[in-house]
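Here is a quick tour of side-chain contacts for anyone who likes to check them by eye. Have the viewer open and follow along.

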Amino acid sequence: MHLFNLRSVDLCAYERECKRPQAGDSHNGEIWTINKTFEGLDYGSLTEANTPSSTDLPKWIQAAWIIVFGCMILVATGGNCIVIWIVMAHRRMRTVTNYFLVNLSIADLLLTLFNCTFNSIYMIQRNWPFGTWYCTISNFIANATVTASVFTLTGISCDRYLAIVHPLHPRMSKTSSLITIFFIWTASMVFAVPCLMYSTTFIYRHRGIEQIGCIMIWPDKKVVGSTYDLGYQMLFLVIAYFVPMLLMSMCYTIMGKVLWGSKSIGELTQRQLDSIRSKRKVVKMFILVVVIFGICWLPYHGYFIYVYFDTKVIYNKYTQHVFLSFYWFAMSNAIVNPMIYYWMNARFRQYFRSVICGWQSFFTSRAASDTLPATHRNSQNSFSKSANGTVPCKRPLSPNICLNDTVPYALVAGTIGIVREKERRMSNKTTRTTSLKKDGHNTTFL
């Protein structure tokens, strides 16, 4: 899969030859002969150089597309960073399933930052100014991360399938999940190796100006109409889309029958009912994640398949906008996943709110401190210490808290509230533990 849109390849076909830039010299290089056929081309909107539709995008349209892609990149980066922080910074969130979610967020983050950021500029301006080396890396990251994402979703489906359909079988451990993630990335990188081998840049002329394109040139030396390219695209579509989607559909169909279609013998306890409800919520969330993934990437894959068999569409002046829309729709899948976690998982929602409220409080407190008079800020730090370095307590409120004249009462009251809240939580925890011990002998599991 190439995540590049090279509208001006036809200019090379029109001029019969392009130059491949050499290292250190972007204007001297090997002559590459280009075939005139457009069959099999997968680089978006192409038009003949002498047709009216070959005009560049107006500046305001380019600016609009840059804003659209920029907003998507910012939201996707922030959301996936928060997901990674939630799981890695909180011990109770470090579960097997959440490790897979972290891996999915890492893949989306890499794709967003190191491919979409640069590739969107390339598709809009039709010029690759980032060098041959990064052209290769960007292509490699695109294929590796998309493959890792779909393989990760498949791993989550298999883990949920074993937990729900075969609950008596041994569950996947955290170590096993990390090993599985390692093999996911290994397989994804191996599948993206052709991008490292055949990605390159070349120079072409557009309206008398030399510009650089970033494409894959296969062993048959064809920029367009390459049978190697067609075979790789079809293989990618099967391995990274059709087969995983089919496997995940089967897994969630069977899980749905077990959770919603089966009837248990006898009356279920409240604990068993809560467990079933919890599993149903998790399965619903992952079904939605898989469905959104399939919907976001289907138009993008479908576009390439259609172009291979109907090359006339590439001459339409609106094709570039259609391709940019499909590409943005595919990349926006990185935005949707954190939103689904927030919407359908109470723990993720709690931590998301803590992050948002924490930043809000941070900026609010800084704004408030900036508005305080200098004398008041200095008075907060002017504590008179005794000989042993401690602050003498004038008005003790509790054994551990005292109120001095120079300390704002709101600060002390907040400290008291925190201490009392901790004492209340510990008391509730002790009460629940005692209650469970008393009722444990009377609990019957079916």
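What follows covers the cysteines, then the charged contact, then the aromatic rings.

## Ground rules

This is a predicted model, where local features need pLDDT of at least 70 and side-chain atom pairs count only at pLDDT 80 or more, while totals for chains, interfaces and linings use all residues. Residues are numbered from 1 along each chain as its sequence is written, and side-chain values use heavy atoms, with hydrogens and water left out.

## Cysteines

If a disulfide is a pair of cysteine sulfur atoms within 2.5 Å, the count here is one. The partners are Cys 135 and Cys 214, with 1.8 Å between their sulfurs. Cys 135 sits in helix α4 (residues 131-165) and Cys 214 in strand β4 (residues 209-216), so the bond ties together parts that are 79 residues apart in sequence. Helices (H or I, at least four residues) and strands (E, at least two) are DSSP runs, numbered from the N terminus. The S-S torsion is about 85°, so this disulfide is right-handed.

Both Cys 135 and Cys 214 are buried; that label means under 20% relative accessible area, with exposed over 50% and partly exposed in between (1.4 Å probe, protein chains only). What about Cys 195? Its closest cysteine sulfur is the one in Cys 135, 9.6 Å away and too far for a bond. Cys 195 is buried too, at 0% relative accessible area, whereas Cys 71 is partly exposed at 44%.

## One salt bridge

A salt bridge needs a side-chain nitrogen of Lys or Arg within 4 Å of a carboxyl oxygen of Asp or Glu, and that rule gives one. Asp 159 and Arg 160 make the contact, at 3.6 Å from N to O. Asp 159 is buried, with a relative accessible area of 3%, and Arg 160 is buried at 11%.

## Aromatic rings

Rings of Phe, Tyr and Trp (its six-membered ring) pair if their centres lie within 6.5 Å; planes under 30 degrees apart are stacked, over 60 edge-to-face and the rest tilted. The structure holds 22 such pairs. One of them is Phe 69 with Tyr 327, tilted, with centres 5.8 Å apart and 35° between the planes. Phe 69 belongs to helix α2 (residues 59-89) and Tyr 327 to helix α9 (residues 319-331), so this pair joins parts 258 residues apart in sequence. Phe 69 is buried at 1% relative accessibility, and Tyr 327 is buried at 0%.

Trp 133 and Tyr 134 also form a tilted pair, at 6.2 Å and 45°. Here Trp 133 is exposed at 64%, but Tyr 134 is buried at 12%. Ring pairs also build a cluster whose members include Trp 65, Phe 69, Trp 297, Phe 323 and Tyr 327.
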